[in-house]
Amino acid sequence: MKRDRVIRMLAGVAVLAAAVSGCSDWRGLNSIPLPGVQGAGPGAFTITAQMPDVDNIEPNSRVRVGDVNVGTVKRIERQDWHALVTMELNADVELPANATAKLGQTSLLGSEHIELAAPTDVSPEGRLHDGSVIPLSSSGAYPTTERALAAVALLLNGGGIGNIQDITEALSTAFTGRENDLRSLIEQLDKAVGYLDDQKDDIIAATQGVNDLIGQFAEQKPVVDKALRTIPDALAVLRDQRDNLSEALVQLGKFSALAADSVDQTKEALVQELKDLGPVLESLANAGPALTRALSFLPTFPFPKETLTNWMRGDYANLTLIVDLTLSRLDSSFFTGTRWECDLTWLELQWGRTIGQFPSPCMASAPPNGAGNPLIAPYRLDQGP
């Protein structure tokens, strides 16, 4: 009976060894899933975490959330210069998608595990699900016993503790007889710290302002990059045009000197002209109301609009019109002040017609034909009847 039992056990071990040897994931006994571990029940899901170091973590190591086992490490791989840890978690694990993963230790000499937790420096987002990846920036490790002992050893062995006495003696020598100065220094430091504490809101506001300014520079990075690429070319153009720019500045200086000299020479005349222009503008301003009222005459020419209703009532109006078309009247009405002034008047006088004002104003100067008085001027055959 015992012999058959031994044979069956050897056969089972042989079959298990053959099955394991044919599996590509065989990396020792830890690569075999253990019964009763967390993360193997119904609804379990798999996540991965990029970690800088895994120390003594092995497959089948525990995964914990708040000191509670919630999963198991399934596989550890190398990815670039860090480790990629694959974990299987229970279905009831609820963690945000930006959860953190740290390497922890249960006690001073206890086993190591992976500690999952919600983030503390940012707000939780989303939820962990099958296939989620915790990035390297959200991973880390708690101080291990080895690191703590190494730090203590470094401090005790040449870490400066042996020099505490020398430092104390040097400080005592330095401050001997200067107690008042030290007390004053401490008081001044206390006041300075108090001033800084009073100004902390301003300091924070200034820091935020600098942060906003840096953010604006960051948003304008394409513009700044383009400017940095363009400025050297612009400086090269200025360098090549330096002689022309210098000559232009010299000529501008000469022009400024000439302009200043011209202004100095003509300023009295300009001031006098402005003074003479003042009465003209004042007269124009005084005549403004009359000019405005004169505009009302244009729509009803030749009748003033103000008196139009005095003679025209209803649909009809009687009008008596006397039209004077004599040459002298036409001359005085339309050609006074023009190059043809007095031409029609002299023509009328030559014809012997003296209708209108006599003697005529045009007789003050010699007529076009050289005669002074049309009454005694010689008659010419081409002058008309």
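What percentage of the 385 residues in the protein chain do buried residues make up? Buried residues make up 17% of them, where buried means under 20% relative accessible area, exposed over 50% and partly exposed in between (1.4 Å probe, protein chains only).

## Model and overall content

This is a predicted model, in which local features need pLDDT of at least 70 and side-chain atom pairs count only at pLDDT 80 or more, while totals for chains, interfaces and linings use all residues. Residues are numbered from 1 along each chain as its sequence is written, and side-chain values use heavy atoms, with hydrogens and water left out.

The secondary structure of the protein chain amounts to 11 helices and 8 strands. Helices (H or I, at least four residues) and strands (E, at least two) are DSSP runs, numbered from the N terminus. Of the contacts in the protein chain with a separation of 6 or more, 58% are between residues 24 or more positions apart; contact means heavy atoms within 4.5 Å.

Strand E2 (residues 62–65) and strand E3 (residues 68–79) run antiparallel and are joined by 4 bridges. Two strands pair if DSSP finds at least two bridges between them. In this pairing, Arg 62 stands opposite Thr 72 in E3. E2 and E3 form a hairpin with 2 residues between them, and Gly 66 in the turn has a positive phi of about 60°.

E3 also pairs with E4, in the antiparallel sense and over 8 bridges. Ile 76 has Val 85 in E4 as its bridge partner. E3 and E4 form a hairpin with 2 residues between them, where Asp 80 in the turn has a positive phi of about 55°. In a regular strand the side chains alternate between the two faces of the sheet.

## Salt bridges

The count comes to 6 salt bridges, a salt bridge being a side-chain nitrogen of Lys or Arg within 4 Å of a carboxyl oxygen of Asp or Glu. One of them joins Lys 74 to Glu 88, with the closest N and O atoms 3.5 Å apart. This pair links distant parts of the chain, as Lys 74 is in strand E3 and Glu 88 in strand E4, 14 residues apart. Lys 74 is partly exposed, with a relative accessible area of 45%, and Glu 88 is partly exposed at 23%.

Another salt bridge is formed by the side chains of Lys 200 and Asp 197 (3.9 Å, N to O). Lys 200 is partly exposed, with a relative accessible area of 43%, and Asp 197 counts as partly exposed at 43% relative accessibility. The side chains of Arg 329 and Asp 324 also meet in a salt bridge (2.9 Å, N to O). Here Arg 329 is partly exposed at 42%, and Asp 324 is partly exposed at 33%.

## Asn 98 and its loop

Asn 98 lies in the loop between strand E4 (82–89) and strand E5 (100–105). A polar atom of the side chain of Asn 98 lies 3.0 Å from the backbone oxygen of Ser 123. Neighbours within four places in sequence aside, Asn 98 is in contact with Pro 119, Val 122, Ser 123, Pro 124 and Glu 125.

## Helix H3

Helix H3 (residues 164–175) has 12 residues and should span 16 Å at 1.5 Å a residue, which agrees with its end C-alpha atoms being 16 Å apart. The expected span of a helix is 1.5 Å times one less than its number of residues. Just after H3, Gly 177 takes a positive phi of about 80°.

## Phe 335 and Trp 340

Phe 335 is found in the loop between helix H10 (327–334) and helix H11 (343–350). Phe 335 is partly exposed, with a relative accessible area of 28%. Leaving aside neighbours within four places in sequence, Phe 335 contacts Leu 330, Trp 340, Glu 341 and Leu 344.

A pair of aromatic rings is described by the distance of the centres and the angle of the planes. The structure holds 1 aromatic pair. The rings of Phe 335 and Trp 340 have their centres 6.3 Å apart and their planes at 75°, so the pair is edge-to-face. Rings of Phe, Tyr and Trp (its six-membered ring) pair if their centres lie within 6.5 Å; planes under 30 degrees apart count as stacked, over 60 as edge-to-face and the rest as tilted. Trp 340 counts as partly exposed at 46% relative accessibility.

How values were computed
Polar contact = N/O pair within 3.5 Å; in protein donor to acceptor, adjacent residues only side chain to side chain.
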